[in-house]
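Here is a short briefing on one helix and on some backbone angles. Look over the sequence and the structure first.

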Amino acid sequence: MGWQKPSPRHYTPLTLMSNNIKISTFEAKEHIVLLTIRGSLDTVAAYHLQERVEALVNAGHYKFLVNLQELEQISSAGVGLFSAIILDLERHHGKVVFLNISEQVYEILQMTHLIEIFTIARSQEEAIALLDM
């Protein structure tokens with residue numbers, strides 16, 4: 001019996017005006033929170049996402065997989081939020097892994113030198129393996 005891709009268990013999605021942020025966990029890996037961010041991560045969306053992530057961390061969730069495949073635009077507030085999440089999770093011995101980063105977002109992370117603190121996976125399987133280490 002080989003490794004099977006876990007199916008996500010969904011929480012209530014956070015839908016903002018131009019954004020759709022979906023928060024879920026994997027059924028076989030409930031300790032991993034999957035954040036799927038679509039649209040634009042601007043200042044308002046970053047604030048709302050920060051509130052949700054803080055609530056999850058306070059509830060004991062310390063491993064996050066952030067799928068950015070459908071992220072179209074990110075503001076400095078969004079980049080700052082990702083940095084803050086990384087630092088907060090490190091204090092709890094947790095981790096965040098980013099998946100499907102667009103070329104545009106990757107370039108922003110490179111320009112700000114934040115790419116050096118971000119863990120980026122090439123596949124969902126690799127991301128889960130990194131979070132399970």
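The expected span of a helix is 1.5 Å times one less than its number of residues. Helices (H or I, at least four residues) and strands (E, at least two) are DSSP runs, numbered from the N terminus. This is a predicted model: local features need pLDDT of at least 70, side-chain atom pairs count only at pLDDT 80 or more, and totals for chains, interfaces and linings use all residues. Residues are numbered from 1 along each chain as its sequence is written, and side-chain values use heavy atoms, with hydrogens and water left out.

**Helix α1**

- Helix α1 covers residues 43-58, 16 residues that should span 22 Å; the end C-alpha atoms are 22 Å apart, which agrees.
- Its buried residues (under 20% relative accessible area, 1.4 Å probe, protein chains only) are A45, A46, L49, V53, L56 and V57.
- These cover an arc of only 100° around the axis, so they sit on the same side of α1. The arc is that of the directions from the helix axis to the C-beta atoms.
- On the other side of α1, T43, V44 and N58 are exposed, meaning over 50%, with partly exposed in between.

**Ends of α1**

- D42 caps the N-terminal end: one of its side-chain oxygens lies 3.3 Å from the backbone nitrogen of V44.

**Positive phi outside glycine**

- H93 is not a glycine, yet its phi is positive, near 60°. H93 lies in the loop between α2 (76-91) and β7 (95-99). Its relative accessibility is 73%, so H93 counts as exposed.
- N100 is not a glycine either, and has a positive phi of about 60°. N100 lies in the loop between β7 and α3 (103-111). At 31% relative accessibility, N100 counts as partly exposed.

Technical notes:
A polar contact is a pair of N or O atoms within 3.5 Å; within protein, one must be able to donate a hydrogen and the other to accept it, and residues adjacent in sequence count only if both atoms are side-chain atoms.
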